[in-house]
Amino acid sequence: MNIFQKLNLIRNSLVRSKSLQTIMKIDKMAPIISCFEDLSCGKAAEFMTKGQVIAVPTDTIYGLACSANCPEAIKKLYAIKGRDSAKPVAICVTYVSDVRKWGEADHLPDDLLNNLLPGPVTVVLEKTKLLDNPFLNPTTTKIGIRIPHHNFVNRVTKIFDKPVALTSANFSNEPSTLSIKEFEHLFGHLGAVFDGGVLSQGLDQNRTGSTVIDLSQAGAYKIIRRGISYDRVVKIVESYGLKSTV
């Protein structure tokens, strides 16, 4: 990134930050809690139960998380991101059985899902009726579902026991983040920040996040975002006879 790109990024960040402040009242700075601290997972679940948006590490990048079925939390999430509500967010769950609870996956064998998940993969399916928040992805009938290969997040979703909305911890259209220092400008709008250290070995190429694959159509797949596990994901789905629709 050259000096002009850096200056442009700083300018855009300041403009977005000022715009965000007009949308939301800045609360006191969010507490920073180590993911390795005792009871940290329970604290994360408690914040989300109260309708708060929190920052969490995943197996790829840092994410903003909240209760997926809480309308106020989802509206707050979009405001913090400065995100167009037409752009969907994914949910994070604990088990493959949860994938089937929130997404229509009768046409997918367990073995296929178990080979894809957990890991840096987002599987896009049609929503089930149980995912009934009208503010969650209102312009589509589909939902992306993740099971990160990350102990902290897996424990949080297990304790919370409800779908967790998950999107990258950054302003929309800005780089994804690998450490909490990279999104300090959001701290005043979050319930808490859970620090898991530097993610993905700090490698810039891993900022692309999870591979997003649409498996909503029987016998077919469509790559929505290549992400960091593209080759592995394509190899797996094609071994089950699925054909690309692109």
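Colleague: How much space lies in the largest cavity?

Modeller: Please keep in mind throughout that this is a predicted model. A search of the whole structure finds one cavity of 30 Å³ or more. The space that lies in this largest cavity is about 60 Å³.

Colleague: Which element gives the largest share of the lining of the largest cavity?

Modeller: The cavity is lined by Met48, Ile54, Val56, Ala65, Cys92, Val153, Val156, Thr157, Val164 and Leu166, and these residues divide into nine nonpolar, one polar and no charged. At least two lining residues are supplied by each of strand S2 (54–57), H6 and S7. The largest share, three residues, comes from H6.

Colleague: Are helices H2 and H6 parallel or oblique to each other?

Modeller: The axes of helix H2 (residues 40–49) and helix H6 (residues 151–160) come within 8 Å, and they cross at roughly 50°. Angles under 35 degrees would count as roughly parallel and those from 65 to 115 as roughly perpendicular. The crossing is right-handed, and the two helices, H2 and H6, are therefore oblique.

Colleague: How do the residues of the contact of H2 with H6 divide into nonpolar, polar and charged?

Modeller: From H2, the residues that meet the other helix are Ser40, Cys41, Gly42, Ala44, Ala45, Met48 and Thr49, while H6 brings Phe152, Arg155, Val156, Ile159 and Phe160. Together, the residues of this contact divide into eight nonpolar, three polar and one charged.

Colleague: Turning to the largest pocket, which strand supplies the largest share of its lining?

Modeller: About 770 Å³ of space lies in this pocket, and its lining has 35 residues, of which Arg83, Pro88, Thr167, Val212 and Arg225 lie nearest the centre. The lining divides into twelve nonpolar, 16 polar and seven charged residues. Strand S3 (62–67), strand S5 (121–126), strand S6 (142–146), strand S7 (164–168) and strand S10 (220–225) each supply at least two residues. The largest share, four residues, comes from S6.

Colleague: What is the phi of leucine 39?

Modeller: Most residues other than glycine have a negative phi. Leucine 39 is found in the loop between strand S1 (32–34) and H2. Its phi is positive although the residue is not glycine, with a value near 70°.

Key
Residues numbered from 1 in each chain as written. Predicted model: local features only at pLDDT ≥ 70, side-chain atom pairs only at ≥ 80, totals over all residues. Heavy atoms only, no water. 1 Å grid on protein atoms, 1.4 Å probe; cavity = no way out; pocket = protein on both sides within 12 Å on 5 of 7 lines; lining within 4 Å. Points joined across faces, edges and corners; volume = space filled by probe spheres on them. Nonpolar A, V, L, I, M, F, W, Y, C, P; charged D, E, K, R; others polar. Axes fitted to C-alpha atoms, helices over the stretch in contact; angles between N-to-C directions. Parallel < 35°, antiparallel > 145°, perpendicular 65-115°, else oblique. Left-handed = near helix turned anticlockwise from the far one by under 90°. Contact = heavy atoms within 4.5 Å.
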